[in-house]
Amino acid sequence: MRAPTPRHAGLGALAVAALALAGCGAVTASQATAPARHTVVVLAASSLTESLTAIAAEFEASHPGTDVQLSFAASSTLVTQVNQGAPADLVALAGTSSMVPLHKSRIAKGGIRMMAANTLEIATPPKDPGKVNALADLSRPTLQVVLCAVTVPCGEAAAKTLLAAGVQAHVVSYETDVKATLAKIQLGEADAAIVYHSDVVSAGKRVHGVAIPARVNQRLDYPLLRLTSNPSAAEFMTYVLSDQGRKLLRDHGFLTL
């Protein structure tokens, strides 16, 4: 058989190159039609853990290509992080007093909305070994009571409630946030705690709730603050405040405004 001439070899090389270019063109076209990825970074009070996680999941499902990154902590911790330049698009706080130390320069123009409200409730282990029926029972010296630290909204609100009721609770531990406080009850390490109503609802059968009378209870409004001009952050904020978002907040024990 005769070896291919240089001309034949050149045509073969051109054909291979053309196929390669066509393949590259196909990849480029495919990439061009793929949805762009967007990220929304949200810092939120720990009491919003379950509700915002559910809202974010629904938002992502209805907004392909957008990822909502959630980080939860005590409101005072979140404000410190934002003031120090944490790269967040939104911050959701427990109680309007929590946003007082927040540097106003960090808040986008028109970027403050109230998303929900919460009240307090006593939580005990499911079988209520301490026999807690009322706020006054928390003063019994045989009862192990845990509260949030007074530097965080749930602790400040609990202190106001106890003062209004004239109750000196037998406190054995102050915790960093409401989830840490509730964990003491769920683990059976305390007899009673004052937490948010939403936390009792989210915990379900893992805790027993005891109502606090409205005349001494505290109501905390939850501000949602936009920190950047990220369009996806504005969309998520709108979704949180929508009928769908508010329903999920109510399902998790929050009051909606």
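Reader: Which residue in β7 does V146 stand opposite?

Author: This is a predicted model, in which local features need pLDDT of at least 70, side-chain atom pairs count only at pLDDT 80 or more, and totals for chains, interfaces and linings use all residues. Residues are numbered from 1 along each chain as its sequence is written, and side-chain values use heavy atoms, with hydrogens and water left out. Strands (DSSP runs of E, at least two residues) and helices (H or I, at least four) are numbered from the N terminus. Strand β5 pairs with β7 (residues 192-196) in the parallel sense over two bridges, where pairing requires that DSSP find at least two bridges; opposite V146 stands A193.

Reader: Which residue of β6 is the bridge partner of V145?

Author: β5 also pairs with β6 (residues 171-175), in the parallel sense and over four bridges. In β6, the partner of V145 is V171.

Reader: Are the residues of β5 that point either way buried or exposed?

Author: Buried means under 20% relative accessible area, exposed over 50%, and partly exposed in between (1.4 Å probe, protein chains only). From β5 (residues 145-148), V145 and L147 point one way, V146 and C148 the other, and all are buried.

Reader: Which residue does a disulfide join to C148?

Author: A disulfide is a covalent bond between the sulfur atoms of two cysteines. The rule applied here asks for a pair of cysteine sulfur atoms within 2.5 Å, and the count comes to one. With S to S at 1.9 Å, the partner of C148 is C154.
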